[in-house]
Amino acid sequence: MGMLDYFMASRKKSASVAKERLQILVAHERSQRGGPSYLPMLQKEILEVIRKYVAIDPEDVSVSVDHEGQCEILALNVVLPDPPDRRQLHGV
Amino acid sequence: MAKVIVITSGKGGVGKTTTSAAFSMGLALQGHKTAVIDFDVGLRNLDLVMGCERRVVYDVVNVIHGEANLNQALIRDKRNSNLSILPASQTRDKHALTPEGVEVVLSQLREEFDYIVCDSPAGIEHGALMAMYFADEALVVTNPEVSSVRDSDRILGILASKSRRAEQRLEPIREHLLITRYSPRRAKAGEMLSVEDVQEILSVPLLGVVPESQAVLQASNTGVPVILEEKSDAGQAYADAVSRFLGEELPHRFLEPERRGLLGRIFGG
């Protein structure tokens, strides 16, 4: 049985690989859709403005639209670099 | 109030037309006046699967263009008088289906029928959008396979954003998941996404599971909706799905591998 267990465990079942891949992909694709079409452009321009003052990477800015009842909330999340101090700006 | 149901999937070859034929016949068998429309303009096939291909005179585009009236184009099913089929056009003009035209046809059908089943073409192009735009309910047909699940998720996003109900901020389309070509044996062996896996990823209420079945091909070979093959596993699975759709609570079947004897294992495929 020991040998058998060893071989069974060593090869991950393909269905569970499929499930993991799909969960990651679907979560990513869902986060991309539904938002207004101007979001990528808005994100790019905000990034450029902030870059005039602080050196940040593209992935340090995220813009998303959430729904709360009838309200649409535009959330802007900017991660500023660690030194001299790490802050997060939240805007609406 | 008549209901418009779209049979959709995104991916091709997962069983939309088989499902449209079986599901519409199932609704008719339960006494509901049902019309089924083939939206696959240019690639008409529902008529063939339903066995009425030699009775097609006019099609949905003829009705939209006013070249025939609805009653001339509708084919009454010979096996069940509750069921009528509206075939797709063979035209190559993909935009022959206009939203205004489809709306007129649907509103005429609503007067006579309880359910209008729309067989969507594959993809997310014009024809698929037309099939889903006016839907009240959607059956998302999914195979337990990565590309089909991903495409189904994409279609769910489109149903929630590009349909009439979404645009007019009405109550959203009611979504139902139908898993087809399911192999309980392979799912149990970890070679195929299980029903729970697919449901967890898509998070849509499960309407039914249709097992991979030889009966499906045999039924389409002879132009019989598989639901009429009452002894077949696929036929029974579709009958269950229709009953659940109509509000009956039934346990899901065909989720566990069939127990086979020694002879079955040797001679069965």
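Tutor: Rings of Phe, Tyr and Trp count as a pair if their centres lie within 6.5 Å, and planes over 60 degrees apart count as edge-to-face. Bear in mind that this is a predicted model.

Student: How many aromatic pairs over all chains, then?
Tutor: The count comes to three. One of them joins B:F23 and B:F245, which are edge-to-face with 5.3 Å centre to centre and 85 degrees between the planes.

Student: Where do those two lie?
Tutor: B:F23 lies in helix α1 and B:F245 in helix α12 of chain B, so the pair ties together parts that are 222 residues apart in sequence. B:F23 and B:F245 are buried.

Student: And what about B:Y115 and B:F245?
Tutor: They form an edge-to-face pair as well, at 6.1 Å centre to centre and with 70 degrees between the planes. B:Y115 belongs to strand β5 of chain B, 130 residues from B:F245, and B:F23, B:Y115 and B:F245 form one aromatic cluster.

Student: Which residue classes line them?
Tutor: The lining of the largest cavity has seven nonpolar, two polar and no charged residues, and its largest share, three residues, comes from α11(B). The lining of the second largest cavity has three nonpolar, two polar and three charged residues, with its largest share, three residues, coming from α12(B).

Key:
Residues are numbered from 1 along each chain as its sequence is written. Chains are lettered from A and ligands numbered from 1 in the order in which they are written. This is a predicted model: local features need pLDDT of at least 70, side-chain atom pairs count only at pLDDT 80 or more; totals for chains, interfaces and linings use all residues. Side-chain values use heavy atoms; hydrogens and water are left out. Rings of Phe, Tyr and Trp (its six-membered ring) pair if their centres lie within 6.5 Å; planes under 30 degrees apart count as stacked, over 60 as edge-to-face and the rest as tilted. Helices (H or I, at least four residues) and strands (E, at least two) are DSSP runs, numbered from the N terminus. Buried means under 20% relative accessible area, exposed over 50%, partly exposed in between (1.4 Å probe, protein chains only). Ala, Val, Leu, Ile, Met, Phe, Trp, Tyr, Cys and Pro count as nonpolar, Asp, Glu, Lys and Arg as charged, and the others, Gly among them, as polar.
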